[in-house]
Protein chains: 2
Amino acid sequence: MYDGIVQELIDEFGRLPGIGPKSAQRITFHILQTPTFDVARLAELLTDVRERVRFCEICGNVSEQDRCTICRDPRRNPALICVVEDAKDVSAIERTREFRGLYHVLGGAISPIAGVGPDDLRITQLMSRLADGTVQEVILATNPNLEGEATASYLSRLLTTMQITVSRLASGLPVGGDLEYADEVTLGRAFEGRRTL
Amino acid sequence: MYDGIVQELIDEFGRLPGIGPKSAQRITFHILQTPTFDVARLAELLTDVRERVRFCEICGNVSEQDRCTICRDPRRNPALICVVEDAKDVSAIERTREFRGLYHVLGGAISPIAGVGPDDLRITQLMSRLADGTVQEVILATNPNLEGEATASYLSRLLTTMQITVSRLASGLPVGGDLEYADEVTLGRAFEGRRTL
């Protein structure tokens, strides 16, 4: 629709999640028509983020070093591990300031439809972390939907033989929703009211 | 919320129009977690678009050369000029395939509230284009809202003394809306049914 590169940039923005052709066009024209928009900085960040960001070798959270800031923080309680599906969920929980333990990012949830089984998740790594007896409680904070519940019950069965308390975030989170989008108060309440499985 | 560069990229995406913090986070994680996403290409396009894209010296449309592809096209009818507010509107009208004349991009609409007067628009440039007598009809395709109507009536008053037919896109466009978002059929009908002012 547009001359060469303008259309190419629109198409490229359109490949990003949640950006349709109209939004992509709007964004591209905003960049073209706003001289103060620092296009060089965005370009540099895009290149750098791929090079510099990796995933924490312990918990799987995003990190610029081998271990993430949470795993490196000596003030965090190593007896408590909160298991989440995605690194975005770590940030959502951190915003509640309710939790001072460590995290474990599974990298998804069990979903037979999407072809994701337990072996596709970071479950072996979780079991290794639990082996030395430091961890006393595992909080299962997978999403309150079908896949998240399936993953939580799979993990709770796996952990029954161990001397570890297994808990699940309290109801209070809207069922069928996505943990990432919960507001701070609701998510905070869910932490307080977590129940032992 | 996140370590250094991840948060920086989220913030930078959040500066783009229509992208809130949640979308910015989703986009950033998509880029981080999708190895097939060509981040180098997006970075390159961003840099290139600023350097290479300018605005057509005749009509004000986006272009990679001094004159845009439409102004350079000898098959376009130079007797017909369609006046639009924004370069995005050119693309919307081109999609209808109803119009084979040339364009003139005003760069906005008259809006006392936003402090935009006739002098802030490319009206002088339009008058120069009309001076040599080639143009027989000016189609006013500003948005069918308050500012667009004000601009159209300002221009039609300005053009009454000249031997030029002045027309306005037909109603059929939803009033109060934005030309950029009209569907092809509605916009095409509006072209067919344009009325002389």
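Across all chains of this predicted model, two aromatic pairs are counted, where rings of Phe, Tyr and Trp (its six-membered ring) pair if their centres lie within 6.5 Å, and planes under 30 degrees apart count as stacked, over 60 as edge-to-face and the rest as tilted. In chain A, F99(A) and Y103(A) pair edge-to-face, with 5.2 Å centre to centre and 65 degrees between the planes. F99(B) and Y103(B) form an edge-to-face pair at 5.2 Å and 65 degrees. F99(A) and Y103(A) are both buried (under 20% relative accessible area, with a 1.4 Å probe and protein chains only), and F99(B) and Y103(B) are buried too.

Turning to the interface, 51 residues of chain A are in contact with 51 residues of chain B (heavy atoms within 4.5 Å). About 5600 Å² is buried between chain A and chain B, 65% of it from carbon and sulfur atoms; this is the accessible area (1.4 Å probe) that two parts lose on being put together, summed over both. I5(A), L46(A) and R50(A) supply 13% of the area that chain A buries against chain B, more than any other three residues.

Four salt bridges are counted between chain A and chain B (a side-chain nitrogen of Lys or Arg within 4 Å of a carboxyl oxygen of Asp or Glu). E12(A) and R41(B) meet through their side chains in a salt bridge of 3.3 Å, N to O.

Residues are numbered from 1 along each chain as its sequence is written, and chains are lettered from A in the order in which they are written. Local features need pLDDT of at least 70, side-chain atom pairs count only at pLDDT 80 or more, totals for chains, interfaces and linings use all residues, and side-chain values use heavy atoms, leaving out hydrogens and water.

Definitions and conventions
Buried means under 20% relative accessible area, exposed over 50%, partly exposed in between (1.4 Å probe, protein chains only).
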